[in-house]
Amino acid sequence: MADGSEKNAVVSNKKVIFKDYVSGFPKESDMAVTVDENLTLKVAGDSKGILVKNLYLSCDPYMRLSMTNRSSEIFGTYTPGAPITGFGVGKVIDSRNPEFKEGDLVWGLTGWEEYSLLKSSEGLFKIHHTDIPLSYYIGILGMPGLTAYGGFYEVCAPKKGEYVLVSAASGAVGQLVGQFAKLMGCYVVGSAGTQDKVELLKNKFGFDDAFNYKEEPDLNAALKRYFPEGIDIYFENVGGKMLDAVILNMRVHGRIAVCGMISQYNRDQPEGVHNLMSIVYKRVRIEGFATVDYYPQYSKFLDFILPYIREGKVKYVEDIVEGLENGPAAIIGLFSGRNVGKQVVVIAPQ
């Protein structure tokens, strides 16, 4: 490894390699940490490439979908024997792309390695606001933040006073959706998987209430307790039994924004949903969406969120591990709920 100032140097490059397609629950042994000894910190003259020193890497549930040979359509599949990819924050070491120059800080899709040669600038964003922690650009100021913003404000179309449920509510996206809903004047309840996370939702993020779904043998009854008048908006991150119970408790003209279904990612056969006729009775709209749909709104999103961060009106919790070699365990931990908040892997802090 070398400092970013050593342009043209030949360095070693530690990376996390994807070994083979995964069935069932992923394991750390599905990935391997290796080192390439001879990387020249220079982009070849005949390319439009951008050489980036990775500083922070993001662990996200969608990465499990890329570990199968069934395409996740949006992000594609990992290639056995090649580094896994994900969102990251990096510093440009060398560039043949006119849009980016040496020293620029950027966020976007990158390899899980110390240095990545990005062949295209598509989906790569320049970082201009450095008074905010750089790691936030793979969280509240990056893909999860834009996901929460687009999914809540555009798909859910909230109105003041509405009743909102957020699942996986302490995660990277859920913690923001709940706070956005409170800013709108909504009543917000979150579900999470531990009592500590429940307390975090109520005491740190300002949710009106929260519950541990693992302690609720009857989710339908639990939702009737927390929403005696029904649910207007459900921000869906988990799928399965929770979705089935929610459908029974939606109000007329309710909206369900489908962001993800983490309870299903490790299943070879997805669980079915049985209460779909309630969608007809209640005229419920269910809509899936992808973050890339909202990339054109990124500058508008920054104008919206930065003042709230600077004024302390929106809070963000990160779960940070240090070192690329600890990255595989951090990814696997997402699926047992080990992380509290946004899972970040620090490679080389600025």
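Biologist: With which residues is K241 in contact, leaving aside its neighbours within four places in sequence?

Modeller: K241 is in contact with L219 and E271, where contact means heavy atoms within 4.5 Å. The model is predicted, so local features need pLDDT of at least 70 and side-chain atom pairs count only at pLDDT 80 or more, while totals for chains, interfaces and linings use all residues. Residues are numbered from 1 along each chain as its sequence is written, and side-chain values use heavy atoms, with hydrogens and water left out.

Biologist: Where does K241 lie, and why does K241 count as exposed?

Modeller: K241 lies in helix α5, residues 240-248 (helices are DSSP runs of H or I with at least four residues, numbered from the N terminus). The relative accessibility of K241 is 58%; exposed means over 50%, buried under 20% and partly exposed in between, with a 1.4 Å probe and protein chains only. K241 is therefore exposed.

Biologist: What makes C186 buried and C259 partly exposed?

Modeller: C186 has a relative accessible area of 3% and is therefore buried. For C259 the value is 27%, so C259 is partly exposed.

Biologist: Why are α1 and α2 called oblique to each other?

Modeller: The axes of α1 (residues 143-156) and α2 (residues 174-183) come within 9 Å and cross at roughly 45°. Axes are lines fitted to C-alpha atoms, for helices over the stretch in contact, and angles run from 0 to 180 degrees between N-to-C directions. Under 35 degrees is roughly parallel, over 145 roughly antiparallel, 65 to 115 roughly perpendicular and the rest oblique, so α1 and α2 are oblique to each other. In their contact, P144, G145, A148, Y149, F152 and Y153 of α1 meet L176, V177, F180 and A181 of α2.

Biologist: What makes α1 roughly perpendicular to α7?

Modeller: The axes of α1 and α7 (residues 298-310) come within 11 Å and cross at roughly 90°. That angle makes α1 roughly perpendicular to α7. Here G145, L146, Y149, Y153 and E154 in α1 meet Y298, K300, F301 and F304 in α7.

Definitions and conventions. Helices (H or I, at least four residues) and strands (E, at least two) are DSSP runs, numbered from the N terminus.
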